[in-house]
Amino acid sequence: MTGDCRKPKRFIEQAEAALAEGQADVVVLAHALLDDPRWTYHAAKKLGMDQSSHVLLPPYGHWLKR
């Protein structure tokens, strides 16, 4: 399965559906993370997550809490 990781909401919906329907065992964001190491943070912001810094590892997210 491939998807457009530039549209996080649609990508997550497709990934969840593939997992639920047994079409996939795992979802990998290799290209997305190589292209943008902070993809998880940007996706969380686009999805409206209040504390987007929680998706980053502590060494990278601590500066967002200030």
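The chain contains four helices and zero strands, giving the pattern α-α-α-α when read along the sequence. Of its 66 residues, 24% are buried. The accessible surface amounts to about 5,400 Å², and carbon and sulfur atoms account for 54% of that area. Among contacts between residues at least 6 apart in sequence, 21% join residues at least 24 apart.

The average pLDDT is 77, and 76% of the residues score at least 70.

| Element | Confidence in the chain | Mean pLDDT |
|---|---|---|
| Helix 1 | highest | 86 |
| Helix 4 (residues 58-61) | lowest | 66 |

Where pLDDT is low, predicted coordinates should not be read in detail.

A search of the whole structure finds one aromatic pair. Phe-11 and Trp-39 form this pair in an edge-to-face arrangement, at 6.2 Å centre to centre with 80 degrees between the planes. The arrangement counts as edge-to-face because the angle between the planes, 80 degrees, is over 60. The pair links distant parts of the chain: Phe-11 belongs to helix 1 (residues 8-20) and Trp-39 to helix 3 (residues 39-46), 28 residues apart. Both Phe-11 and Trp-39 are buried.

After helix 3 comes Gly-48, which has a positive phi, near 85 degrees.

Notes
Residues are numbered from 1 along each chain as its sequence is written. This is a predicted model: local features need pLDDT of at least 70, side-chain atom pairs count only at pLDDT 80 or more; totals for chains, interfaces and linings use all residues. Side-chain values use heavy atoms; hydrogens and water are left out. Rings of Phe, Tyr and Trp (its six-membered ring) pair if their centres lie within 6.5 Å; planes under 30 degrees apart count as stacked, over 60 as edge-to-face and the rest as tilted. Helices (H or I, at least four residues) and strands (E, at least two) are DSSP runs, numbered from the N terminus. Buried means under 20% relative accessible area, exposed over 50%, partly exposed in between (1.4 Å probe, protein chains only). pLDDT is the predictor's confidence in each residue, from 0 to 100. Contact means heavy atoms within 4.5 Å. Accessible areas come from the Shrake-Rupley method with a 1.4 Å probe; for residues, only the protein chains shown count as cover.
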